[in-house]
Amino acid sequence: MIYLVRHGLDDERYIGGWSDVDLIEEGKIEVEEIAKFIKQSNLNIDKIYSSDIKRARTTTEIINKYLNLEIETSSIYRELDKGDLTGKLKDNYDLTKYNNNLYLKYPNGESYKEFYERIKKLYYEEIINLDNVLIVTHRGVINMIYTIINDDPLSLDKEKYDVTHASLHELDKVKKKIKKIGDCYENSK
């Protein structure tokens with residue numbers, strides 16, 4: 001089994017992508033809750049893979065306080081590359097054209113279609129060979145894996161698969177199924 005966790009809440013005033021914005025306090029609390037859920041669920045996890053982006057690394061560190069596993073950090077689990085807009089204040093830019101066009105590249109970045117192709121390659125060349133791991137990554141990456149597994153058409157709908165902050169998703173590569181199994185809000189009650 002492969003488990004995927006989206007990082008906790010970061011400062012959403014900034015354009016994400018490859019930005020190194022860290023978790024805000026609320027995000028750290030969210031991750032603590034999902035980490036407790038993962039620990040209590042006794043999931044079969046032998047290793048953690050993490051995006052090298054700061055918000056994912058911080059999420060990994062918090063979760064690993066509960067699991068104490070080997071961690072491998074890599075750029076291959078990164079979010080959509082928003083190029084020159086990465087880390088800029090959202091209020092200063094009109095992102096509508098990028099959010100409405102699968103093929104429009106961010107300046108010196110990538111398009112949603114290119115991002116999808118990158119994650120599809122990652123899935124079939126790397127992720128499919130993993131087992132008993134937790135991957136700490138980003139909403140876009142998890143959304144793309146849902147799209148691949150469900151054989152859905154590529155969509156710009158970021159909310160389609162309910163990949164909320166600090167949510168846990170179970171990928172059964174044998175049955176070719178993926179589903180959300182935990183959420184920091186549901187599990188803290």
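1. Ground rules. This is a predicted model, so local features need pLDDT of at least 70 and side-chain atom pairs count only at pLDDT 80 or more, while totals for chains, interfaces and linings use all residues. Residues are numbered from 1 along each chain as its sequence is written, and side-chain values use heavy atoms, with hydrogens and water left out.

2. The largest pocket. It holds about 530 Å³ of space. A pocket here is an open set of points on a 1 Å grid over the protein atoms alone, where a 1.4 Å probe fits, with protein on both sides within 12 Å along at least five of seven lines. Grid points are joined across faces, edges and corners, and the volume is the space filled by probe spheres set on the points.

3. Its lining. There are 32 lining residues, meaning residues with an atom within 4 Å of a point. Nearest the centre of the pocket are Arg6, Glu79, Lys82, Arg139 and Lys158. The lining splits into 11 nonpolar, 10 polar and 11 charged residues; Ala, Val, Leu, Ile, Met, Phe, Trp, Tyr, Cys and Pro count as nonpolar, Asp, Glu, Lys and Arg as charged, and the others, Gly among them, as polar.

4. Who supplies the lining? Helices H4 (112-125) and H5 (139-150) each give at least two residues, and H5 has the largest share, with five. Helices (H or I, at least four residues) and strands (E, at least two) are DSSP runs, numbered from the N terminus.

5. Aromatics. The whole structure has four aromatic pairs, a pair being rings of Phe, Tyr or Trp (its six-membered ring) with centres within 6.5 Å. One of them is Tyr98 with Tyr106: the ring centres are 4.3 Å apart and the planes at 15°, so this pair is stacked (planes under 30 degrees apart; over 60 is edge-to-face, the rest tilted). Tyr98 is buried at 8% relative accessibility, and Tyr106 is buried at 2%. Buried means under 20% relative accessible area, exposed over 50%, and partly exposed in between (1.4 Å probe, protein chains only).

6. A charge over a ring. Look at Trp18: Arg78 lies over its face, 4.5 Å from the ring centre. The test asks for NZ of Lys or CZ of Arg within 6 Å of the ring centre and within 35 degrees of the ring normal.

7. Leu168. This residue sits in strand S5 (residues 167-172) and is buried, with 0% relative accessible area. Setting aside residues up to four places away in sequence, Leu168 has contacts that include Tyr3, Val5, Phe37, Leu134 and Ile181; contact means heavy atoms within 4.5 Å. Lys180 also touches Leu168; the two are 12 residues apart in sequence, with 5.9 Å between their C-alpha atoms.

8. Tyr49. In strand S2 (residues 47-51), Tyr49 is buried at 11% relative accessible area. Beyond neighbours within four places in sequence, Tyr49 contacts Glu72, Tyr77, Leu130, Val133, Leu134, Ile135 and Val136. Its C-alpha is 8.6 Å from that of Glu70, 21 residues away along the chain.

9. Backbone spots to check. Asn68 has a positive phi, near 50°, and is not a glycine. Asn68 falls in the loop between helix H2 (54-67) and strand S3 (70-74) and is exposed at 69% relative accessibility. Lys176, also a residue other than glycine, has phi near 55°; Lys176 lies in the loop between S5 and strand S6 (177-183) and is partly exposed, at 40%.
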